[in-house]
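Hi,

Here is the model I said I would pass on. Have a look, and my notes follow below.

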Amino acid sequence: MSHCCGHDPVRSDITLKVSGMSCAHCKKAVESSVGVLPGVFKVEAVVNQNKVNVSYDPSKVNLDDIKKAIEDAGYDVQD
Ligand SMILES: [Cu+2]
C-alpha cells in the first residue's frame with residue numbers, strides 16, 4: 001500500500017443481509033435509496049438471496065448511513 005499522494009480512491013465492498021425484499025420494485029427502492037448517498041459507487045440488491053452488495057468510500061459514508069437508508073426505504077437489515 002502506498003501513501004504517497006492520498007489520491008487513491010478508497011473503496012470498501014460489503015454485502016448486507018436485507019429482509020423484506022420480494023420483487024423488482026423492492027430492488028429498485030433499495031438501490032435508489034442507497035445509490036443517492038454520497039460516496040456510494042455501486043449498489044446491487046439481489047432480491048432472491050436477500051442480499052445487497054454495496055461498494056462505497058468509507059471516508060464519505062459509513063455503514064450505519066447505508067443501513068439507515070435501507071431501513072428508511074422500508075426493509076430490515078440483519079446484523
Ligand atoms: Cu417489492
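Before the rest, two housekeeping points. This is a predicted model, where local features need pLDDT of at least 70, side-chain atom pairs count only at pLDDT 80 or more, and totals for chains, interfaces and linings use all residues. Residues are numbered from 1 along each chain as its sequence is written.

The chain has 2 helices and 4 strands, in the order β-α-β-β-α-β (DSSP runs numbered from the N terminus: helices are H or I with at least four residues, strands E with at least two).

Back to the helices: the axes of α1 (residues 24-35) and α2 (residues 63-72) come within 9 Å and cross at roughly 140 degrees (lines fitted to C-alpha atoms over the stretch in contact, angles from 0 to 180 degrees between N-to-C directions). From α1, V30, S33 and V34 meet I66, A69, I70 and D72 of α2 (contact means C-beta atoms, placed from the backbone, within 7 Å).

As for the strands, β2 (residues 40-46) and β3 (residues 51-56) pair antiparallel over 6 bridges (pairing takes at least two DSSP bridges). E44 has N53 in β3 as its bridge partner. The two strands, β2 and β3, form a hairpin with 4 residues between them, and N50 in the turn has a positive phi of about 55 degrees.

Cheers

Note on methods
Contact = placed C-beta atoms within 7 Å.
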